[in-house]
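Take a look at the chain below. We will walk through it one piece at a time.

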Amino acid sequence: MTAAVTALSLIISPGVPAAVAGKTVSAAASRMEEPGAVPVKDQYDVRRELYDSLSSVTNVEWYWIAAVDQYERTISKAKPKARPQLGQTVGVFIDQARWAGVLNPYSDDNFPLSIQWFNGIGRDGDGNGLADRSSDTDLLYSLVSFASAKGTSDIRFPIGLWDYYRNSRAVQRIEQFASVYKKYGKLDLYQHAFPLPVGTNYSYKDTWGAKRGWGGRRSHEGTDLFAGHGTPVRSTCYGVIEIKGWNRFGGWRIGIRDLNNHYHYYAHLSGFDKKLAVGDIVEPGQVVGWVGSSGYGKPGTSGKFPPHLHYGIYSDRGLVEWAFDPYPMLRRWEQQERQRRRR
């Protein structure tokens, strides 16, 4: 079987992929494919060099490439059994059949020409003559090359992303991530803040799973932080405002999507920062609203319970989201902020 595929690759005219002809990825980007070669503290620098290198050969802006890689990383973390890590650093997962081509008789094919013959998407991104599914460069280059077929502009590239994922949620997430990377011009955007100003009067405990009765029997998916009416509510992360408005359970609420593909839900607010709108980018510690007691009724309903912030966090699994207990993270962010204040 190997000989047959090799013969096929020789029949098709040889050559180097047009996108990488005369160009190679940086040495640092290549090093990250060697196990243990790059310290964790340098991973952001290594990733950025890879993104910049691929940007130069694909004409796709680095922030789109970074957003694609980060989205892939978050889905792989959410579903590790279905999406085992293939490369050393990038988060891209491409299944074997899609990589080599569904009708390819050699499922482990790594010859770019025969892969193309069978309509696989695997490509040689580093110019070594092989489309290696365990190569960080080849994985990311293959996905970006497929998505850029419809164009590389900020308007056209998302169309190619739809062709790849066939999932509007995936395209939205990547667009959100790209907007954050583009605004700040860097990758290290994973710091957090406590949702209430540390040092003010508030209290909270782990209320995950507690019973709730209004609106039907349901469990509590979050943590309640009790504070005085009007206490500032702050973004816990770098992220994009995804939802803002009224919810009959949560009252005035706001939802923020971060780069870990976590949805941060702030409910029962007395109001919002009027300058903020859906699609705006926020950062840790930025005031987004104020503590209130809204909810449990039609728009404007308030006062059915003591003022507090309901804070929830949800993880995106590609097609659905699931809530998890935010209490441990709240404790950690509070402690970290206290330490920063002491310093």
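Strand 4 (residues 223-227) and strand 11 run antiparallel, joined by four bridges. Leucine 225 has leucine 309 in strand 11 as its bridge partner.

Strand 8 (residues 262-272) pairs with strand 11 over six bridges, in the antiparallel sense. Here histidine 264 stands opposite isoleucine 313. Strand 12 (residues 321-324) also runs antiparallel to strand 11, and four bridges join the two. In that pairing, tyrosine 314 faces alanine 323 of strand 12. Strand 11 and strand 12 form a hairpin, with four residues between them. Glycine 318 lies in the turn and has a positive phi of about 105°.

Is strand 11 covered or open to the outside? Strand 11 spans residues 308-316, and nine of its nine residues are buried. In a regular strand, side chains alternate between the two faces of the sheet. Both faces of strand 11 are covered. On one side sit His308, His310, Gly312, Tyr314 and Asp316.

Now follow strand 8 to another partner. Strand 8 pairs with strand 10 in the antiparallel sense, over three bridges. Glycine 271 stands opposite tryptophan 290 in strand 10. Strand 10 covers residues 287-291 and also pairs with strand 5 (residues 232-234). That pairing is antiparallel and has three bridges. Within it, valine 233 stands opposite glycine 289.

Next, the helices. Two packed helices are described by the angle and the distance between their axes. Helix 7 (residues 136-147) and helix 8 (residues 157-165) have axes that come within 7 Å and cross at roughly 110°. The two helices are therefore roughly perpendicular to each other. Which residues of helix 7 and helix 8 meet? Helix 7 brings Leu143, Val144, Phe146 and Ala147. Helix 8 brings Phe157, Gly160, Leu161, Asp163, Tyr164 and Tyr165. By class, this contact has eight nonpolar residues, one polar and one charged.

Last comes confidence. The chain averages a pLDDT of 87, and 85% of the residues score at least 70. Residues 1-37 stay under 50. The model has 55 contacts beyond four places in sequence for this stretch. Where pLDDT is low, the predicted coordinates should not be read in detail.

How values were computed: Residues are numbered from 1 along each chain as its sequence is written. This is a predicted model: local features need pLDDT of at least 70, side-chain atom pairs count only at pLDDT 80 or more; totals for chains, interfaces and linings use all residues. Side-chain values use heavy atoms; hydrogens and water are left out. Axes are lines fitted to C-alpha atoms, for helices over the stretch in contact, and angles run from 0 to 180 degrees between N-to-C directions. Angles under 35 degrees count as roughly parallel, over 145 as roughly antiparallel, 65 to 115 as roughly perpendicular and the rest as oblique. Contact means heavy atoms within 4.5 Å. Ala, Val, Leu, Ile, Met, Phe, Trp, Tyr, Cys and Pro count as nonpolar, Asp, Glu, Lys and Arg as charged, and the others, Gly among them, as polar. Buried means under 20% relative accessible area, exposed over 50%, partly exposed in between (1.4 Å probe, protein chains only). Two strands pair if DSSP finds at least two bridges between them. pLDDT is the predictor's confidence in each residue, from 0 to 100.
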